[in-house]
Amino acid sequence: LTQKKIIEYFSMDFIATQTSELLWIERKTINDWYMYIRKAIAWHQEKESWEKLLGEIELDESYFWPSRVRWKRWRWAGMKTIVFGLLKRNWKVYAEIIPDAKAKSIIPIIKWKIEIWSEINTDWWKSYDGLVNIWYEKHYRVHHGDNEFARWKQHINGIESFWSFTKRRFSKLNGIQKQYFYYHLKESEFRYNCRIMKQDINYTIQQILIEFNKQLL
């Protein structure tokens, strides 16, 4: 019963402190449970990542900063983390940590994840130059520098919505340690996709945990 309640509160996106207080369980125990669930979700998302995207796709990169440490006020505790995102409209998002936002880091992901006859929407970041040369003939761009955010169907509002969703979630946690960033990113990816697909997140997590536990045996 307690395990089901922990999963339920995790599904409701309660932070560990809230769940600890509601269940009268030590926060460290809740943190351990939460991390186990996040690892199961990351495993599930990795399994689904092999599916290629086809249709109207939005691409964008975003920058995340680590939390400050208390004794270094006004200084960041580490380097920024760069994430590249691909979103198929009205369907799913995929996010991957990249070392930099250069073409050599971005193009291989595009070729791996997106079918060549898809319609790609990006901003004017230089790393997207030349997509037509690798057979992506439908490439549309919006110029944020000119206060242009949408031109009919040509926009990246969907992937930017995902960035906002993820950063709002991260802000509740008062910073994330870099070694756990990947798991929190995959959790946000999973939650966003569940919302778009109108899936019952509590039930879905329970099913993921069943499969995850099986593969650990």
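## How H3 packs against its neighbours

Helices H3 and H6 pack with their axes 8 Å apart, at an angle of about 65°. That puts H3 roughly perpendicular to H6, because anything from 65 to 115 degrees falls in that class. The crossing of these two helices is left-handed. Keep in mind that this is a predicted model.

So who touches whom? On the H3 side, the residues are Met35, Arg38, Lys39, Ile41, Ala42, His44, Gln45 and Glu46. They meet Tyr182, Tyr183, His184, Lys186, Glu187, Glu189, Phe190 and Asn193 of H6. Sorted by class, the contact of H3 with H6 has 6 nonpolar, 4 polar and 6 charged residues.

Now turn to the other partner, H1. Helix H1 covers residues 2-11 and H3 covers residues 27-48, and their axes come within 11 Å and cross at roughly 65°. H1 and H3 are therefore roughly perpendicular to each other. Which hand does the crossing of H1 and H3 have? It's right-handed, while the one between H3 and H6 is left-handed. H1 brings Gln3, Ile6, Ile7, Tyr9 and Phe10 to the contact, and H3 brings Ile30, Trp33, Tyr34, Ile37, Arg38 and Ile41. By class, that contact has 9 nonpolar, 1 polar and 1 charged residues.

| Pair | Axes | Angle | Hand | Residue classes in the contact |
|---|---|---|---|---|
| H1 and H3 | within 11 Å | roughly 65° | right-handed | 9 nonpolar, 1 polar, 1 charged |
| H3 and H6 | 8 Å apart | about 65° | left-handed | 6 nonpolar, 4 polar, 6 charged |

Arg38 and Ile41 of H3 turn up in the contact with H1, and they are also listed in the contact with H6.

Next, the nonpolar cores. The largest has 19 residues, and Tyr34, Ile37, Phe190 and Ile205 are the ones with the most contacts inside it. At least two residues of this core come from each of H1, H3, H6 (181-197) and H7 (201-216). Which helix gives the most to this core? That's H3, with 6 residues. Another core lies apart from this one; it has 18 residues, including Phe84, Tyr94, Ile106 and Ile109. In soluble globular proteins, nonpolar side chains tend to be buried together.

Ile37 is worth a look on screen. Setting aside neighbours within four places in sequence, Ile37 is in contact with Ile7, Phe10, Ile205 and Leu209. Back in H1, the buried residues are Ile6, Ile7, Tyr9, Phe10 and Ser11. What covers them includes H2 (16-23), H3, H6 and H7.

Most residues other than glycine have a negative phi. Asp13 sits in the loop between H1 and H2, whereas Trp24 is in the loop between H2 and H3. Are these two buried or exposed? Asp13 has 19% relative accessibility, so it counts as buried, the cut-off being under 20%. Trp24 has a relative accessible area of 81%, so it is exposed, which takes over 50%.

Notes: Residues are numbered from 1 along each chain as its sequence is written. This is a predicted model: local features need pLDDT of at least 70, side-chain atom pairs count only at pLDDT 80 or more; totals for chains, interfaces and linings use all residues. Side-chain values use heavy atoms; hydrogens and water are left out. Axes are lines fitted to C-alpha atoms, for helices over the stretch in contact, and angles run from 0 to 180 degrees between N-to-C directions. Angles under 35 degrees count as roughly parallel, over 145 as roughly antiparallel, 65 to 115 as roughly perpendicular and the rest as oblique. A crossing is left-handed if the near helix is turned anticlockwise from the far one by less than a right angle, and right-handed if clockwise. Contact means heavy atoms within 4.5 Å. Ala, Val, Leu, Ile, Met, Phe, Trp, Tyr, Cys and Pro count as nonpolar, Asp, Glu, Lys and Arg as charged, and the others, Gly among them, as polar. A nonpolar core is a set of buried Ala, Val, Leu, Ile, Met, Phe, Trp, Tyr and Cys residues joined through side-chain atoms within 4.5 Å. Buried means under 20% relative accessible area, exposed over 50%, partly exposed in between (1.4 Å probe, protein chains only).
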